[in-house]
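Please look at the sequence and the structure before reading on.

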Amino acid sequence: MLEKNRKIILGLGNTLNRDEGVGVHCLEPLRERLKGFPAIDILDGGVLGLDLLPLVECCSHLLILDAVDAGKPPGTVIELSRDEIPLFPRVKLSWHQVTFQEVLQFAGIRGNLPGHLRLVGAQPADTSTGYGLSPVIEQLVPELADRAVAVLKKWRLV
Amino acid sequence: MSQRIVIDPITRIEGHLRIEASLDAANTITDAYSSGTMVRGIEKILIGRDPRDAWAFTQRACGVCTTVHAIASVRSVEDALKIKIPKAANIIRNMMIAQQYIHDHVMHFYILHALDFVDVVSALKADPKKTSEIQQTISGWPNSSPAYFADIQKKVNAIVESGQLSLFSHGYWGHPAYKLPPEINLLAVAHYLECIDWQSQVTKIHTIFGGKNPHPNFLVGGVPMPIDMNSDQALNAERLSIIADSIKKLNEFIDMVYLPDILAVAPYYLEYAALGEGLGNFLTWGEFPVGDADDLSKFVVPRAAILNRDLKNLIMPDPRDPAEMKEFITHSWYTYTQGNDAGLFPWQGETVFNYTGPQPPYEHLNVDEKYSWLKAPRWNEKPMEVGPLARVLVMYASGHEGTVALVNAVLKKLNAPASVLFSTLGRTAARAIETKVFGDLLAKLYDDLVAEIKAGRTETFNGEKWEPRTWPKRAEGFGFMEAPRGALGHWIVIEGGKIKNYQMIVPTTWNGSPRDHKNQPGAYEAALVGTRMANPDQPLEILRTIHSFDPCLACAIHMIDAEGRSLGEVGTGFNIVCHR
């Protein structure tokens with residue numbers, strides 16, 4: 001049985017689709033702010049899909065940063081607790097379309113969801129193909145990083 | 001009035017594959033259209049680059065089946081520059097290819113395709129004792145006790161009851177087209193969960209030979225992994241034993257889980273043995289060269305074309321013949337300098353984008369005009385199906401011993417003639433059959449590699465033509481690869497040491513191709529015609545056939561949906577079903 005003791009901040013998303021990559025864009029400021037805490041791993045999960053399952057399953061604490069479609073106005077910050085994140089795979093045409101939510105579903109069924117799990121994200125404004133964030137999301141990055149640090153504080157990791 | 005169903009998994013952004021199907025009054029599909037809604041463009045990125053680097057770019061065409069474009073690429077360069085790779089390197093590549101097939105096919109079945117036939121919610125009604133009896137009858141797989149299946153049921157039930165797992169509200173559970181008894185549903189759900197553990201243990205062949213996974217490293221002229229029993233930087237005894245163990249685990253799962261499951265599920269879906277194959281034409285570029293890559297007589301999967309389902313007449317296709325191989329763009333968002341109905345041989349291929357489709361979000365594509373980013377590749381101006389069914393038919397028709405035995409055993413079990421192979425079920429069975437064939441081959445390749453090492457032939461790289469000054473001024477090459485989804489070809493033109501032109505014709509371009517200059521449909525489009533839908537709002541029947549092809553789409557977009565809604569539903573009065 002693998003040990004579940006890692007503390008991971010996982011930024012998700014495709015930085016080629018602008019705001020879709022907001023989770024990854026939050027990692028750099030967090031690296032700056034968490035320099036004194038080497039026990040916290042700050043990782044870019046990109047769009048790795050199922051390959052992220054071992055990372056999810058080895059955590060005691062997992063903080064996910066990602067774009068979230070909650071049907072809210074663009075730029076709305078969304079925070080979801082362990083029990084609020086919907087876990088489902090969706091109808092897909094290719095098995096390559098395994099979503100991160102399906103990864104969480106697998107971890108859930110297998111009884112391996114991290115004890116401390118939280119998602120901090122934002123409703124995107126622009127997910128078209130291209131580099132960089134839209135202005136509204138770009139401005140939001142420091143706040144998202146603050147929210148992430150607040151979660152870590154609540155978990156008594158910082 | 002006919003209605004049009006749309007399945008487009010990613011509607012907020014550009015999707016990747018979109019299926020539109022017209023139904024008659026009895027809900028039978030009369031016409032289907034397949035559209036690739038995202039452009040690849042890697043060919044353009046490659047122009048002017050060093051051909052020895054091309055594999056690293058091309059394998060980014062996909063984030064999951066990451067070896068296939070690298071292998072096709074290095075083979076195209078080796079073909080152009082007449083480079084022969086050492087035998088050990090060839091065996092190592094073949095092993096990586098075999099592992100890719102097995103991993104990919106098993107995951108495709110359990111993660112995607114099985115759920116088209118398996119009703120997860122029904123599994124909750126199963127008697128675990130009966131499931132245990134079924135498991136113990138069909139194979140010697142150790143996870144077979146009533147307690148084991150009861151535990152699986154409990155885990156699934158806990159998540160259903162939590163309400164958090166909308167897995168069960170987003171499938172088409174309870175759809176009348178689900179036919180399995182609850183006990184077999186439970187069996188399959190257990191294996192769906194088991195394959196997750198299995199897959200994490202079996203990618204080690206790629207990690208060891210290629211240094212990492214996904215996206216292992218490759219090398220023009222051989223493989224980047226040296227063999228040295230006394231080095232911890234090379235392929236040594238310890239790593240060989242990890243590989244041997246990995247092969248054992250791969251094959252156990254095929255023999256005791258995957259194949260038996262297919263045989264347990266198939267009898268309930270025999271109607272899919274009569275539909276879902278439309279073209280009757282099949283193509284393979286061939287795979288597993290035993291000797292030199294150009295010695296076609298020694299391929300395990302022969303290079304061949306089949307026309308009109310005629311298995312008695314295998315034709316040898318020539319991918320280097322401009323008269324045979326052409327890509328058309330009549331219905332694709334490109335322009336050719338020679339005009340809209342011209343067909344171009346890949347060495348003379350052009351990649352000039354010309355999007356004339358509607359601005360998203362849109363209801364329907366205008367299928368009378370251009371409607372896809374996929375070109376329409378044609379062999380002798382004919383659309384061809386590629387993939388597991390094509391390979392198994394070619395191996396079966398050419399008398400490959402293991403394939404013939406397996407195909408006959410499956411047909412006997414289903415009490416059906418060979419003609420049932422030309423179907424959705426035939427395609428799904430062919431995938432399992434070739435997985436077994438390639439699993440056995442992988443074990444043999446391992447022995448071959450060990451024999452080479454024992455004989456002291458440990459060279460894995462031929463550097464004779466590494467330096468560009470040794471190359472001709474101009475060279476043209478073809479790199480083949482039977483990717484899990486089918487025949488993949490890379491055509492390269494090298495001039496002055498750089499890439500002058502590069503064209504990739506990938507399996508999903510063959511199978512998912514739009515109509516061509518003669519208005520001939522592609523394989524998906526032809527396969528769907530005649531399928532009757534029980535409920536057009538839940539197009540399960542379409543998914544079954546499309547999934548049986550195992551579409552390969554770049555997996556690039558995955559945003560979390562907080563509400564668990566079905567996205568992008570647009571009402572028009574007709575039934576439009578769009579799913580992310």
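Where in chain A is Asp83(A) found?

## A loop residue in chain A

In this predicted model, Asp83(A) sits in the loop that runs between strand E4 (77-81) and helix H4 (100-109) of chain A. Asp83(A) counts as exposed because it has 10 C-beta neighbours inside 10 Å, and the cut-off for exposed is 12 or fewer.

Asn112(A) is 29 residues away from Asp83(A) along the chain, and 14 Å separates the C-alpha atoms of the two.

## The fold of chain A

Chain A contains six helices and five strands. Their order along the sequence is β-α-α-β-α-β-β-α-β-α-α. The radius of gyration of chain A is 15 Å, close to the 15 Å that the globule rule gives for 158 residues, so chain A is as compact as a globular protein of that length.

The C-alpha trace of chain A spans about 45 × 45 × 25 Å along its principal axes. Of the 158 residues in chain A, 53% are buried. Among contacts in chain A with a separation of 6 or more, 77% join residues 24 or more positions apart.

## The buried side of H6 in chain B

Helix H6 of chain B covers residues 128-138, and its buried residues include Pro128(B), Thr131(B), Ser132(B) and Gln135(B). These four lie on the same side of H6(B) because they cover an arc of only 100 degrees around the axis. An α-helix has 3.6 residues a turn, so residues three or four places apart point the same way.

Helix H7 (146-162) and helix H9 (182-201) of chain B are among the elements that cover the buried residues of H6(B).

Note on methods:
Residues numbered from 1 in each chain as written. Chains lettered and ligands numbered in written order. Predicted model: local features only at pLDDT ≥ 70, side-chain atom pairs only at ≥ 80, totals over all residues. Buried ≥ 20, exposed ≤ 12 C-beta atoms within 10 Å, placed from the backbone. Helix = DSSP H or I, 4+ residues; strand = E, 2+ residues; numbered from the N terminus. Arc of directions from axis to C-beta. Contact = placed C-beta atoms within 7 Å. Rg over C-alpha atoms; globule rule 2.2 N^0.38 Å.
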